[in-house]
Amino acid sequence: MSQEAFFVLGATHHTTPLAVRERLSLDADAATRFARQLSELGTVREFTLLNTCNRIEFYGVASDPAAVAQVQAAFCAQQNVDPAEFERFRLHLRGPAALHHLLEVAAGVDSQMVGETEIFGQVKDAYALAQSRGHTGPILNRVFQKTFQAAKHVRSHTAITEGHVSVANVAVDLAQTIFGELGSTRILLLGAGDIGEKTAKAFRSRDAGSLTVASRRLERAMELATALGASAMPFEQRESRLAEFDIVVCSTSAPGTVVSRDAAKAAIQKRPARPLFFIDLALPRDVDAGVAHLQNVFLYNLDDLAKIADENRAAREAELAKCRALLAERAEALWKQIEPRLPAPSHGGAVPSPRA
Amino acid sequence: MFAGLHDRTWIWIAAACYLAGLILGTISLLRGTRQSNAAINVIIAFGYLCHLLGLYARGQAVGGCPLGNMFEIFQFTAWSATTLYLVLGVTFRLSLLGYFTSCLAAVLTVTSLAIPAWDATRRVQIFGGNPWIELHASLALFSYGVFALLALTALMLVLRHHSLKSKHLGGWFSFLPSILELDHISLRLLIAGVILMTASLIGGAVYWFRDFDTVNLTKLLFTVALWLAYAVALALRLGGQLLAKRFAWTCLVLFAAALVSLGPVDASRNPPALPAPDHVVPR
């Protein structure tokens, strides 16, 4: 019976479409209200609520087999979701399977972007919030502490987190293979589109040096520059001032090339000892393909970056079996520790299937 | 237990350590895992210690710096490169440099150990009892050690360029340092090597001017040509004329030329070659 005492109930990106996840998502106030409701149920001794854009999950220690149904009913009522619809998409695991799931979630193994590390911080935050509100007890405290250890172990003993899987981060990785530390690099962002902005933010997040934005609409360039803490430059100066930059991120919607081979050649001749790196994210391409043949100049386009991202993703997925085996071992050991301490249910009742 | 070992035995142990570094590093690369710099450094350091003991024993036996035949010259060059790696290379924190140093040291030590003829005879009194000439020779060979390390960073630079241009960044290419790091370190090594070789030539020149009859023209021509080539490469690099892959290839070709020139330089030296001393035990 103790298997029923530890459970996870929720919905994740694996089975729940985005439109449904949007309706299930809890904002901070709704999460607080729902947590209060759970604590008033009396059948859930300990619980933690994990609420991210890809999943909403309740981890609980129940003293009554009816607890799961009560949690589900309360949640559906609050979110105004038909319980029958929720059951079509829901995740419900209990006992060691629930424990194994939590370990996989924290390690990034269950994430949409396999191996991402943001989820680890989200699980930590969820646990910290539950702990600060007194919603956790000896079981969940132990479970989460061991979960964090297991997630760290997997990250450091497998290649699950190696190599970035987004185009923007792959571009920054490439820049590091050319320049090493990015602190002294000067970056020119040509075009103020979404993908260029994401790439600029990825550079900023890794302490890149100065950033300059140039767009065919100067006011848009100035707007984005202000948002990024960068400076703006007239688009017409892009070729004449090319030598001032180490990394050029191009994402304009111009119909033809905006950086010619001659301009790139002139730029590298002015600063021959420092490489020049073009990241061409535009379609049609912004940089003349002939630039790639220049000495000490490197050119990567969207396809090149996407291919690297795909290779990294495949490499991460190849590590999944190893990660799952490691986590299964940890989950089994942890279950043996917590099982004797789980409450015995006060009365019997129907329990839903392990993975609905 | 080790007290009775001969000089060549110590050098064999050193070679085995360098080979172990090479094999371990190769296995790591083939598996696609990041190798432990600490493990490679410990292996190289132990090999270096054995190498030092072997050369010390040989030096004691011959009464000076052991540079009397091809075996000793190769050993001294490998030892110099390893010294530099342990003193400077470790601080560069370049992944793979330790592995490449292991490879180079293993090739130089094993090759010279495997050719008995290189150590069958050795020239005696090559320094004429003059410590300045001994210093000149050891500085010259130490600069070869610097150029050996330079050849390794240049090789890494060529590989890094190739991986970026061909867009093959996975596998063991991912462990290579960045282009700028490799370029900066290569430039520093080139400067250090040229300075050492210049100092060595100046030391030798002072002696030659006093006693020009003893100057060996073949050796002088090869040495000056090599020094000039490295100096020109440095001038071109500093002037922005020799950069990136071309700079790296130049360093590789020059080091190959330096190794090839060791043969004619050694063969042309004046003192006759005599049978090498029996293998000796360090005191």
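**Group meeting: a walk through a two-chain model**

Let me start with one residue: N80(A) has 7 C-beta neighbours inside 10 Å, so N80(A) counts as exposed. On that scale, a residue is buried if 20 or more other C-beta atoms lie within 10 Å of its own, exposed if 12 or fewer, and partly exposed in between, with C-beta atoms placed from the backbone. N80(A) sits in the loop between α4 (67-79) and α5 (83-89) of chain A, and its phi is near 60 degrees, a positive value in a residue other than glycine.

Before I go on, some housekeeping. This is a predicted model, where local features need pLDDT of at least 70 and side-chain atom pairs count only at pLDDT 80 or more, while totals for chains, interfaces and linings use all residues. Residues are numbered from 1 along each chain as its sequence is written, and chains are lettered from A and ligands numbered from 1 in the order in which they are written.

Now, chain A as a whole. Chain A has 14 helices and 10 strands; these are DSSP runs numbered from the N terminus, with helices being H or I of at least four residues and strands E of at least two. Its C-alpha atoms fill a box of roughly 80 × 40 × 35 Å along the principal axes. Of the 356 residues in chain A, 45% are buried. The domain assignment gives domain 1 (2-160 + 319-341) and domain 2 (167-309), with bounds that come from an automatic or database assignment. The C-alpha centres of domain 1 and domain 2 of chain A lie 42 Å apart.

Let's look at F58(A), which belongs to strand β3 (residues 55-62) of chain A. Is F58(A) buried or exposed? F58(A) counts as buried, because it has 23 C-beta neighbours inside 10 Å. Leaving out residues up to four places away in sequence, F58(A) touches V8(A), L9(A), G10(A), F47(A), L49(A) and V71(A). Touching, or contact, here has a simple cut-off: the two C-beta atoms, placed from the backbone, lie within 7 Å.

Next, the loop between β9 (276-280) and β10 (297-301) of chain A, which holds A292(A). A292(A) counts as partly exposed, because it has 19 C-beta neighbours inside 10 Å. N296(A) lies in the loop between β9 and β10 too, and N296(A) is buried, with 21 other C-beta atoms within 10 Å. Phi of N296(A) is near 65 degrees, again a positive value in a residue other than glycine. P284(A) is also placed in this loop, and a cis peptide bond joins L283(A) and P284(A), with omega about -5 degrees.

On to some helix packing. Helix α9 (residues 167-179) and helix α13 (residues 302-318) of chain A pack at about 95 degrees, with their axes 9 Å apart. Those axes are lines fitted to C-alpha atoms, for helices over the stretch in contact, and angles run from 0 to 180 degrees between N-to-C directions. The two helices, α9(A) and α13(A), are therefore roughly perpendicular to each other, a label for angles of 65 to 115 degrees; under 35 counts as roughly parallel, over 145 as roughly antiparallel, and the rest as oblique. The contact is made by V167(A), V170(A) and A171(A) on α9(A), and by L302(A), L305(A), A306(A), I308(A) and A309(A) on α13(A).

And what about chain B? Chain B comes to eight helices and two strands, running α-α-α-α-β-α-α-α-α-β from the N terminus on. Buried residues make up 43% of its 283 residues. Where the chains meet, 11 residues come from chain B and 14 from chain A. On the chain B side, helix α6 (residues 179-210) gives the largest share, three residues.

Finally, the cores. A nonpolar core is a set of buried Ala, Val, Leu, Ile, Met, Phe, Trp, Tyr and Cys residues joined through C-beta atoms within 7 Å. Which residues touch the most other members of the largest nonpolar core? Of its 130 residues, they are A171(A), V213(A), V249(A), C250(A), F278(A) and L150(B). Helix α5 (residues 131-166) of chain B supplies the largest share of this core, 19 residues. A second, separate core of 52 residues includes A5(A), L38(A), L99(A) and I160(A). Thanks, everyone, and I'm happy to go back to any of these views.
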